[in-house]
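Subject: Structure for your review

Hello,

Please find the sequence and the structure below. My notes follow, grouped by region.

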Amino acid sequence: MQISKPSISDLLNSRKPGHSLPAGLYTRDDVFEADMEVFFKNQWINIALDCDVPEPGDTYVVDVGKTSLIVLRDDDNQIRVLHNVCRHRGTRILDPGQHMVAKLVCPYHQWTYELSGDLLHAPRMGKDFDTSCRGLKTVNFVSVGGLIYVCLGDNPPADITSLINAMEDRLAPYDIRNAKIAYQMDIIEDGNWKLTMENNRECYHCAGSHPELCVSFIDFRFDTEYENDEEREIALEQQALYNERTQEWEKAGYSSNVVAQLEHCNTNFRTQRLIIGGAGESQTPDATAASKKLMGTMTRKDLGDVHLWGHNCWNHFMGDHAVTATAIPLSSGKTLVRTKWLVNKDAVEGVDYDLDKLTSVWIATTQQDADLVARSQAGVEDPSYIPGPYSDYTEKELDKFAVWYIDLMKASGY
Ligand code: 3BY
Ligand code: FES
Ligand code: FE
(Lines give C-alpha, C1' and ligand atoms only; values in the text may rest on other atoms or scores of the structure.)
(Ligands and ions follow the chains in the order given, each with its own letter.)
Protein backbone atom coordinates (compact mmCIF):
# COMPACT_ATOMS: atom_id res chain seq x y z
CA MET A 1 0.00 0.00 0.00
CA GLN A 2 1.32 3.41 -0.90
CA ILE A 3 0.72 6.23 1.58
CA SER A 4 0.44 9.54 -0.27
CA LYS A 5 2.27 12.42 1.36
CA PRO A 6 0.20 15.36 2.61
CA SER A 7 0.06 18.48 0.44
CA ILE A 8 1.76 21.66 1.68
CA SER A 9 -1.69 23.04 2.34
CA ASP A 10 -2.54 19.98 4.51
CA LEU A 11 0.66 20.55 6.47
CA LEU A 12 -0.20 24.24 7.04
CA ASN A 13 -3.74 23.35 8.13
CA SER A 14 -2.54 20.63 10.48
CA ARG A 15 -0.49 23.03 12.61
CA LYS A 16 -1.84 23.07 16.15
CA PRO A 17 -2.07 26.62 17.61
CA GLY A 18 0.67 27.32 20.13
CA HIS A 19 2.79 24.42 18.89
CA SER A 20 5.93 24.04 16.82
CA LEU A 21 5.38 23.31 13.12
CA PRO A 22 4.61 19.92 11.58
CA ALA A 23 7.84 18.16 10.56
CA GLY A 24 7.33 18.48 6.82
CA LEU A 25 7.42 22.26 7.02
CA TYR A 26 10.99 22.02 8.30
CA THR A 27 12.19 19.08 6.24
CA ARG A 28 10.54 18.81 2.83
CA ASP A 29 12.17 20.01 -0.37
CA ASP A 30 8.88 21.17 -1.89
CA VAL A 31 8.27 23.32 1.20
CA PHE A 32 11.78 24.74 0.85
CA GLU A 33 11.01 25.72 -2.77
CA ALA A 34 7.73 27.33 -1.65
CA ASP A 35 9.49 29.19 1.19
CA MET A 36 12.08 30.56 -1.21
CA GLU A 37 9.31 31.87 -3.46
CA VAL A 38 7.09 33.29 -0.72
CA PHE A 39 9.62 34.59 1.82
CA PHE A 40 12.88 35.11 -0.07
CA LYS A 41 11.60 36.27 -3.45
CA ASN A 42 8.35 38.09 -2.78
CA GLN A 43 9.20 39.63 0.61
CA TRP A 44 11.89 42.17 1.48
CA ILE A 45 15.01 40.42 2.74
CA ASN A 46 18.09 41.89 4.36
CA ILE A 47 21.17 40.77 2.42
CA ALA A 48 23.91 43.37 2.86
CA LEU A 49 25.00 46.68 4.36
CA ASP A 50 25.85 49.95 2.63
CA CYS A 51 29.27 49.63 4.25
CA ASP A 52 29.92 46.31 2.46
CA VAL A 53 30.73 48.59 -0.50
CA PRO A 54 32.36 51.66 1.05
CA GLU A 55 34.09 53.05 -2.09
CA PRO A 56 33.05 53.58 -5.73
CA GLY A 57 33.92 50.38 -7.61
CA ASP A 58 33.39 48.13 -4.59
CA THR A 59 31.13 45.20 -5.40
CA TYR A 60 29.68 42.55 -3.12
CA VAL A 61 28.00 39.45 -4.54
CA VAL A 62 25.37 37.63 -2.49
CA ASP A 63 23.51 34.54 -3.68
CA VAL A 64 19.92 33.90 -2.63
CA GLY A 65 18.81 30.51 -3.92
CA LYS A 66 19.52 30.44 -7.65
CA THR A 67 19.58 34.24 -7.80
CA SER A 68 22.92 35.99 -7.61
CA LEU A 69 23.00 39.70 -6.77
CA ILE A 70 25.71 42.29 -7.28
CA VAL A 71 25.55 45.05 -4.67
CA LEU A 72 27.86 47.86 -5.74
CA ARG A 73 28.75 51.50 -5.29
CA ASP A 74 28.85 53.34 -8.60
CA ASP A 75 31.05 56.22 -9.70
CA ASP A 76 28.50 58.71 -8.33
CA ASN A 77 28.72 57.08 -4.90
CA GLN A 78 25.22 55.59 -5.28
CA ILE A 79 24.44 52.04 -4.23
CA ARG A 80 22.95 49.78 -6.87
CA VAL A 81 21.81 46.18 -6.85
CA LEU A 82 22.05 44.31 -10.16
CA HIS A 83 21.41 40.76 -11.27
CA ASN A 84 24.68 38.87 -11.75
CA VAL A 85 23.57 37.45 -15.11
CA CYS A 86 25.23 38.55 -18.33
CA ARG A 87 22.80 39.78 -20.99
CA HIS A 88 24.71 37.82 -23.67
CA ARG A 89 24.30 34.17 -22.71
CA GLY A 90 23.57 34.52 -19.06
CA THR A 91 26.95 33.76 -17.53
CA ARG A 92 27.75 34.84 -13.97
CA ILE A 93 29.86 37.96 -14.14
CA LEU A 94 31.34 37.98 -10.62
CA ASP A 95 31.96 35.27 -8.04
CA PRO A 96 30.34 35.55 -4.58
CA GLY A 97 32.11 37.88 -2.15
CA GLN A 98 33.93 41.20 -2.40
CA HIS A 99 35.65 42.65 -5.50
CA MET A 100 36.92 46.04 -6.65
CA VAL A 101 36.22 46.82 -10.29
CA ALA A 102 36.28 49.73 -12.73
CA LYS A 103 33.70 48.08 -15.01
CA LEU A 104 31.75 44.83 -14.86
CA VAL A 105 33.31 42.52 -17.43
CA CYS A 106 31.80 39.13 -18.20
CA PRO A 107 34.61 36.55 -18.20
CA TYR A 108 33.06 34.55 -21.06
CA HIS A 109 33.13 36.94 -24.08
CA GLN A 110 34.02 40.19 -22.33
CA TRP A 111 30.75 42.05 -22.64
CA THR A 112 31.51 45.11 -20.55
CA TYR A 113 29.04 46.98 -18.35
CA GLU A 114 29.24 50.34 -16.60
CA LEU A 115 28.77 50.30 -12.82
CA SER A 116 25.29 51.67 -13.58
CA GLY A 117 24.62 48.29 -15.23
CA ASP A 118 24.43 49.81 -18.74
CA LEU A 119 26.10 47.77 -21.46
CA LEU A 120 29.09 49.75 -22.70
CA HIS A 121 30.70 47.39 -25.16
CA ALA A 122 29.93 44.02 -26.76
CA PRO A 123 32.87 42.89 -28.90
CA ARG A 124 32.16 41.55 -32.41
CA MET A 125 28.43 42.03 -32.25
CA GLY A 126 28.56 44.36 -35.23
CA LYS A 127 28.35 48.10 -35.65
CA ASP A 128 24.56 48.14 -35.64
CA PHE A 129 24.23 46.20 -32.40
CA ASP A 130 21.94 48.05 -30.00
CA THR A 131 23.52 48.05 -26.54
CA SER A 132 20.93 50.37 -25.04
CA CYS A 133 18.39 47.70 -24.10
CA ARG A 134 20.91 45.19 -22.77
CA GLY A 135 21.91 46.54 -19.39
CA LEU A 136 22.10 44.25 -16.37
CA LYS A 137 18.69 43.84 -14.80
CA THR A 138 18.14 45.92 -11.68
CA VAL A 139 16.73 44.75 -8.37
CA ASN A 140 14.33 46.63 -6.06
CA PHE A 141 16.20 47.65 -2.97
CA VAL A 142 16.08 50.07 -0.10
CA SER A 143 18.71 51.01 2.45
CA VAL A 144 17.04 51.10 5.85
CA GLY A 145 19.45 53.14 7.94
CA GLY A 146 22.35 51.40 6.18
CA LEU A 147 20.87 47.87 6.04
CA ILE A 148 20.21 46.85 2.43
CA TYR A 149 16.88 45.14 1.86
CA VAL A 150 16.04 43.72 -1.55
CA CYS A 151 12.85 42.30 -2.98
CA LEU A 152 13.38 39.95 -5.92
CA GLY A 153 9.71 39.84 -6.86
CA ASP A 154 7.83 42.29 -9.08
CA ASN A 155 5.51 43.53 -6.33
CA PRO A 156 7.57 44.56 -3.31
CA PRO A 157 5.36 44.84 -0.22
CA ALA A 158 4.53 48.47 0.59
CA ASP A 159 4.58 47.95 4.35
CA ILE A 160 8.39 48.24 4.40
CA THR A 161 7.60 51.91 5.09
CA SER A 162 6.85 51.04 8.75
CA LEU A 163 10.34 49.56 9.06
CA ILE A 164 11.91 52.61 7.42
CA ASN A 165 9.93 54.97 9.66
CA ALA A 166 10.95 53.07 12.79
CA MET A 167 14.64 52.62 11.97
CA GLU A 168 15.95 55.67 10.07
CA ASP A 169 15.67 57.92 13.09
CA ARG A 170 16.69 55.22 15.58
CA LEU A 171 19.83 54.28 13.64
CA ALA A 172 20.88 57.80 12.58
CA PRO A 173 23.37 58.42 15.43
CA TYR A 174 25.03 55.04 14.79
CA ASP A 175 25.74 56.03 11.13
CA ILE A 176 25.64 52.40 10.02
CA ARG A 177 25.90 53.56 6.39
CA ASN A 178 29.49 54.65 7.01
CA ALA A 179 30.58 52.12 9.59
CA LYS A 180 33.58 49.81 9.18
CA ILE A 181 33.18 46.05 9.07
CA ALA A 182 35.77 44.91 11.58
CA TYR A 183 35.03 41.21 11.23
CA GLN A 184 32.74 38.86 9.37
CA MET A 185 31.89 35.21 9.97
CA ASP A 186 29.87 32.70 7.95
CA ILE A 187 28.40 29.59 9.55
CA ILE A 188 26.35 27.09 7.62
CA GLU A 189 23.81 25.83 10.12
CA ASP A 190 22.55 22.28 9.61
CA GLY A 191 18.95 23.34 9.95
CA ASN A 192 15.94 24.77 8.18
CA TRP A 193 15.84 28.60 8.10
CA LYS A 194 12.68 28.62 10.25
CA LEU A 195 14.52 26.76 13.03
CA THR A 196 17.29 29.37 12.77
CA MET A 197 14.75 32.18 13.15
CA GLU A 198 12.74 30.45 15.89
CA ASN A 199 15.94 29.92 17.85
CA ASN A 200 16.71 33.62 17.59
CA ARG A 201 13.26 34.67 18.76
CA GLU A 202 13.48 33.17 22.18
CA CYS A 203 15.89 33.41 25.05
CA TYR A 204 14.40 30.37 26.82
CA HIS A 205 17.62 28.60 25.80
CA CYS A 206 19.98 31.44 26.78
CA ALA A 207 20.65 30.50 30.40
CA GLY A 208 21.44 26.92 29.43
CA SER A 209 23.54 27.65 26.35
CA HIS A 210 24.95 31.19 26.24
CA PRO A 211 27.12 31.86 29.33
CA GLU A 212 29.10 34.54 27.45
CA LEU A 213 26.03 36.41 26.11
CA CYS A 214 24.19 36.23 29.44
CA VAL A 215 26.69 38.63 31.03
CA SER A 216 25.23 41.47 28.96
CA PHE A 217 22.02 40.31 27.29
CA ILE A 218 18.80 40.96 29.14
CA ASP A 219 15.68 39.52 27.62
CA PHE A 220 12.79 41.87 26.97
CA ARG A 221 10.19 39.42 28.24
CA PHE A 222 9.69 40.51 31.81
CA ASP A 223 6.17 39.09 32.18
CA THR A 224 7.67 35.71 32.64
CA GLU A 225 6.92 32.70 34.79
CA TYR A 226 9.39 32.43 37.63
CA GLU A 227 10.88 29.18 38.83
CA ASN A 228 11.70 30.67 42.25
CA ASP A 229 11.71 33.89 44.29
CA GLU A 230 15.28 34.72 43.35
CA GLU A 231 14.45 34.64 39.65
CA ARG A 232 11.40 36.76 40.28
CA GLU A 233 13.39 39.36 42.17
CA ILE A 234 16.03 39.59 39.44
CA ALA A 235 13.35 40.00 36.77
CA LEU A 236 11.53 42.71 38.73
CA GLU A 237 14.79 44.59 39.24
CA GLN A 238 15.56 44.34 35.54
CA GLN A 239 12.11 45.54 34.64
CA ALA A 240 12.44 48.55 36.95
CA LEU A 241 15.83 49.37 35.42
CA TYR A 242 14.37 48.95 31.93
CA ASN A 243 11.49 51.33 32.69
CA GLU A 244 13.79 53.91 34.26
CA ARG A 245 16.33 53.85 31.41
CA THR A 246 13.72 53.82 28.67
CA GLN A 247 12.07 56.92 30.11
CA GLU A 248 15.41 58.67 30.34
CA TRP A 249 16.44 57.66 26.79
CA GLU A 250 13.12 58.75 25.31
CA LYS A 251 13.36 62.09 27.17
CA ALA A 252 16.87 62.60 25.79
CA GLY A 253 15.52 62.06 22.25
CA TYR A 254 16.61 58.46 21.62
CA SER A 255 13.64 56.43 20.34
CA SER A 256 13.53 53.34 22.50
CA ASN A 257 10.00 51.98 22.68
CA VAL A 258 8.90 48.79 20.99
CA VAL A 259 7.83 49.13 17.37
CA ALA A 260 6.69 45.87 15.89
CA GLN A 261 4.90 44.55 12.85
CA LEU A 262 4.66 40.82 13.37
CA GLU A 263 1.12 39.82 12.43
CA HIS A 264 -1.22 40.53 9.52
CA CYS A 265 1.60 42.05 7.53
CA ASN A 266 4.18 41.27 4.91
CA THR A 267 7.29 42.92 6.34
CA ASN A 268 7.96 41.23 9.66
CA PHE A 269 10.04 43.21 12.15
CA ARG A 270 10.45 44.19 15.77
CA THR A 271 12.70 46.81 17.31
CA GLN A 272 13.28 47.89 20.88
CA ARG A 273 16.11 49.53 22.77
CA LEU A 274 17.12 46.87 25.29
CA ILE A 275 19.03 47.43 28.48
CA ILE A 276 22.45 45.83 28.78
CA GLY A 277 23.38 43.93 31.94
CA GLY A 278 26.40 44.38 34.23
CA ALA A 279 28.52 47.36 33.20
CA GLY A 280 25.68 48.19 30.81
CA GLU A 281 27.70 49.24 27.76
CA SER A 282 28.17 46.48 25.24
CA GLN A 283 27.91 42.77 24.41
CA THR A 284 31.48 41.96 25.42
CA PRO A 285 32.85 39.52 28.01
CA ASP A 286 32.59 42.13 30.80
CA ALA A 287 29.81 44.28 29.27
CA THR A 288 32.15 47.27 28.88
CA ALA A 289 32.70 48.91 25.49
CA ALA A 290 35.14 47.14 23.16
CA SER A 291 35.83 50.21 21.06
CA LYS A 292 37.06 53.53 22.44
CA LYS A 293 35.70 55.28 19.36
CA LEU A 294 31.93 55.16 19.55
CA MET A 295 29.66 54.47 16.59
CA GLY A 296 28.83 57.36 14.25
CA THR A 297 28.07 60.52 16.18
CA MET A 298 27.33 58.73 19.44
CA THR A 299 28.60 60.43 22.56
CA ARG A 300 27.19 57.99 25.11
CA LYS A 301 28.03 54.37 25.83
CA ASP A 302 24.95 53.91 28.01
CA LEU A 303 22.25 53.90 25.34
CA GLY A 304 21.64 50.16 25.56
CA ASP A 305 21.19 47.85 22.62
CA VAL A 306 18.93 48.79 19.71
CA HIS A 307 17.62 45.38 18.79
CA LEU A 308 16.10 44.72 15.36
CA TRP A 309 14.61 41.52 14.02
CA GLY A 310 13.46 40.82 10.51
CA HIS A 311 12.32 37.50 9.12
CA ASN A 312 15.84 36.77 7.94
CA CYS A 313 17.98 38.94 10.22
CA TRP A 314 18.79 40.04 13.74
CA ASN A 315 20.84 43.02 14.78
CA HIS A 316 22.21 44.68 17.89
CA PHE A 317 23.31 48.34 17.71
CA MET A 318 25.29 49.46 20.73
CA GLY A 319 27.26 52.60 21.58
CA ASP A 320 30.63 51.21 20.61
CA HIS A 321 29.80 48.57 18.01
CA ALA A 322 27.04 46.73 16.21
CA VAL A 323 26.47 43.09 15.38
CA THR A 324 24.34 42.22 12.34
CA ALA A 325 23.31 38.76 11.18
CA THR A 326 21.46 37.58 8.09
CA ALA A 327 20.09 34.11 7.41
CA ILE A 328 19.93 32.81 3.85
CA PRO A 329 18.46 29.34 3.27
CA LEU A 330 20.62 27.00 1.19
CA SER A 331 18.38 23.92 1.25
CA SER A 332 15.61 22.52 3.44
CA GLY A 333 18.23 21.51 6.03
CA LYS A 334 20.98 24.11 5.58
CA THR A 335 21.05 27.84 6.30
CA LEU A 336 23.87 30.33 5.88
CA VAL A 337 24.19 32.65 8.88
CA ARG A 338 26.44 35.61 8.10
CA THR A 339 27.47 37.74 11.07
CA LYS A 340 29.26 41.11 10.86
CA TRP A 341 30.80 43.23 13.59
CA LEU A 342 30.74 46.97 12.87
CA VAL A 343 32.73 49.77 14.44
CA ASN A 344 33.20 53.49 13.77
CA LYS A 345 34.79 53.99 10.34
CA ASP A 346 37.83 55.60 11.98
CA ALA A 347 38.35 52.99 14.68
CA VAL A 348 41.69 51.21 14.32
CA GLU A 349 42.19 47.61 15.40
CA GLY A 350 44.70 47.28 18.23
CA VAL A 351 44.48 51.02 18.94
CA ASP A 352 40.79 51.74 19.48
CA TYR A 353 39.56 48.19 19.89
CA ASP A 354 40.75 44.70 20.56
CA LEU A 355 39.28 42.30 17.97
CA ASP A 356 38.92 39.43 20.41
CA LYS A 357 37.07 41.53 22.96
CA LEU A 358 34.84 42.87 20.17
CA THR A 359 33.91 39.52 18.65
CA SER A 360 34.23 36.77 21.25
CA VAL A 361 30.71 36.92 22.73
CA TRP A 362 28.85 36.63 19.42
CA ILE A 363 31.32 34.14 17.94
CA ALA A 364 30.61 31.86 20.90
CA THR A 365 26.86 32.59 20.81
CA THR A 366 26.60 31.99 17.07
CA GLN A 367 28.40 28.66 17.35
CA GLN A 368 26.20 27.65 20.28
CA ASP A 369 23.07 28.60 18.34
CA ALA A 370 24.29 26.65 15.28
CA ASP A 371 24.70 23.56 17.47
CA LEU A 372 21.19 23.99 18.88
CA VAL A 373 19.67 24.45 15.42
CA ALA A 374 21.42 21.29 14.14
CA ARG A 375 20.06 19.34 17.10
CA SER A 376 16.57 20.69 16.43
CA GLN A 377 16.78 19.72 12.75
CA ALA A 378 17.90 16.21 13.64
CA GLY A 379 14.95 15.97 16.03
CA VAL A 380 12.28 17.20 13.60
CA GLU A 381 13.60 14.76 10.99
CA ASP A 382 13.13 11.85 13.40
CA PRO A 383 9.94 9.95 12.51
CA SER A 384 8.91 10.06 16.16
CA TYR A 385 8.80 13.91 16.28
CA ILE A 386 5.45 15.43 17.11
CA PRO A 387 5.05 19.24 17.38
CA GLY A 388 5.38 20.36 20.99
CA PRO A 389 3.94 23.31 22.93
CA TYR A 390 5.53 26.76 22.99
CA SER A 391 5.90 28.36 26.41
CA ASP A 392 3.29 31.06 26.95
CA TYR A 393 5.94 33.06 28.76
CA THR A 394 9.13 32.76 26.78
CA GLU A 395 8.05 31.59 23.33
CA LYS A 396 5.12 33.83 22.44
CA GLU A 397 7.15 35.35 19.62
CA LEU A 398 7.57 31.91 18.04
CA ASP A 399 3.85 31.45 17.88
CA LYS A 400 3.52 34.86 16.17
CA PHE A 401 6.22 33.84 13.70
CA ALA A 402 4.44 30.55 12.94
CA VAL A 403 1.11 32.33 12.44
CA TRP A 404 2.73 34.92 10.15
CA TYR A 405 4.44 32.15 8.18
CA ILE A 406 1.25 30.14 7.72
CA ASP A 407 -0.83 33.22 6.83
CA LEU A 408 1.59 34.28 4.10
CA MET A 409 1.90 30.75 2.72
CA LYS A 410 -1.89 30.55 2.51
CA ALA A 411 -2.14 34.03 0.99
CA SER A 412 0.26 32.79 -1.68
CA GLY A 413 -2.08 29.96 -2.59
CA TYR A 414 -0.70 27.09 -0.53
O1 3BY B 1 19.88 38.02 19.01
C2 3BY B 1 18.77 37.86 19.43
O3 3BY B 1 17.91 38.61 19.06
C4 3BY B 1 18.36 36.76 20.36
C5 3BY B 1 17.95 37.28 21.66
C6 3BY B 1 18.22 36.18 22.60
C7 3BY B 1 18.65 35.05 21.85
N8 3BY B 1 19.26 35.67 20.72
C9 3BY B 1 20.54 36.08 21.13
FE1 FES C 1 28.73 37.11 -21.02
FE2 FES C 1 29.10 36.01 -23.40
S3 FES C 1 27.99 35.25 -21.72
S4 FES C 1 29.86 37.84 -22.65
FE1 FE D 1 20.78 31.71 21.10
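Which residues does G278 touch, not counting residues up to four places away in sequence? The contacts of G278 are V215, S216, D286 and A287. G278 sits in the loop between β13 (269–274) and β14 (305–310). Its C-alpha atom and that of V215 are separated by 6.6 Å, although the two residues are 63 apart along the chain. G278 has 15 C-beta neighbours inside 10 Å, so it counts as partly exposed.

Confidence

Please keep in mind that this is a predicted model. The mean pLDDT of the protein is 97, and 99% of the residues reach 70 or more. For the complex, the predictor gives an ipTM of 0.92 together with a pTM of 0.97.

Domains

The protein is divided into two parts, domain 1 (45–142) and domain 2 (157–411). Taken over C-alpha atoms, the centres of domain 1 and domain 2 are 32 Å apart. Nine residues from domain 1 and 16 residues from domain 2 take part in the contact. On the side of domain 1 that touches domain 2, the largest share comes from strand β1 (residues 45–49), which gives four residues. By type, the residues on that side of domain 1 are six nonpolar, one polar and two charged.

Cores

The largest nonpolar core holds 92 residues. Within this core, the residues with the most contacts are L69, V71, I148, Y149, V150 and A322. Helix α9 supplies the largest share of the core, six residues. Both domain 1 (45–142) and domain 2 (157–411) contribute residues, so this core lies between them. For L69, leaving aside neighbours within four places in sequence, the contacts are I47, V61, V62, V64, V81, H83, N84, V139 and V150. Another core, of five residues, lies apart from the largest one; F217, I218, I275 and I276 are among its members.

Helix α5 spans residues 193–200 and is mostly covered, with seven of its eight residues buried. The buried ones are W193, K194, L195, T196, M197, E198 and N199. What do these buried residues of α5 pack against? The list has helices and strands in it: α2 (23–27), β11 (180–189), β16 (322–331), β17 (334–343), α8 (355–381) and α9 (396–411).

E202 is in the loop between α5 and α6 (206–209). It has 18 C-beta neighbours inside 10 Å and therefore counts as partly exposed. Leaving aside neighbours within four places in sequence, E202 is in contact with T394, E395, E397 and L398.

H19 belongs to the loop between α1 (8–13) and α2. Its C-alpha atom is separated by 5.3 Å from that of G388, a residue 369 places away along the chain. Apart from neighbours within four places in sequence, H19 is in contact with P387, G388, P389 and Y390. Is H19 buried or partly exposed? H19 counts as partly exposed, because it has 15 C-beta neighbours inside 10 Å.

Backbone angles to check

Most residues other than glycine have a negative phi. Two positions have a positive value instead. Phi of Q110 is near 65°, and phi of R124 is near 60°. Q110 lies in the loop between β6 (104–105) and β7 (112–113), while R124 is in the loop between β8 (119–121) and β9 (140–144). Q110 is exposed because its 12 other C-beta atoms within 10 Å fall under the rule of 12 or fewer. R124 has 7 other C-beta atoms within 10 Å, so R124 is exposed as well.

Regards

Notes
Residues are numbered from 1 along each chain as its sequence is written. Chains are lettered from A and ligands numbered from 1 in the order in which they are written. This is a predicted model: local features need pLDDT of at least 70, side-chain atom pairs count only at pLDDT 80 or more; totals for chains, interfaces and linings use all residues. A residue is buried if 20 or more other C-beta atoms lie within 10 Å of its own, exposed if 12 or fewer, and partly exposed in between; C-beta atoms are placed from the backbone. Two residues are in contact if their C-beta atoms, placed from the backbone, lie within 7 Å. pLDDT is the predictor's confidence in each residue, from 0 to 100. A nonpolar core is a set of buried Ala, Val, Leu, Ile, Met, Phe, Trp, Tyr and Cys residues joined through C-beta atoms within 7 Å. Domain bounds come from an automatic or database domain assignment. Ala, Val, Leu, Ile, Met, Phe, Trp, Tyr, Cys and Pro count as nonpolar, Asp, Glu, Lys and Arg as charged, and the others, Gly among them, as polar.
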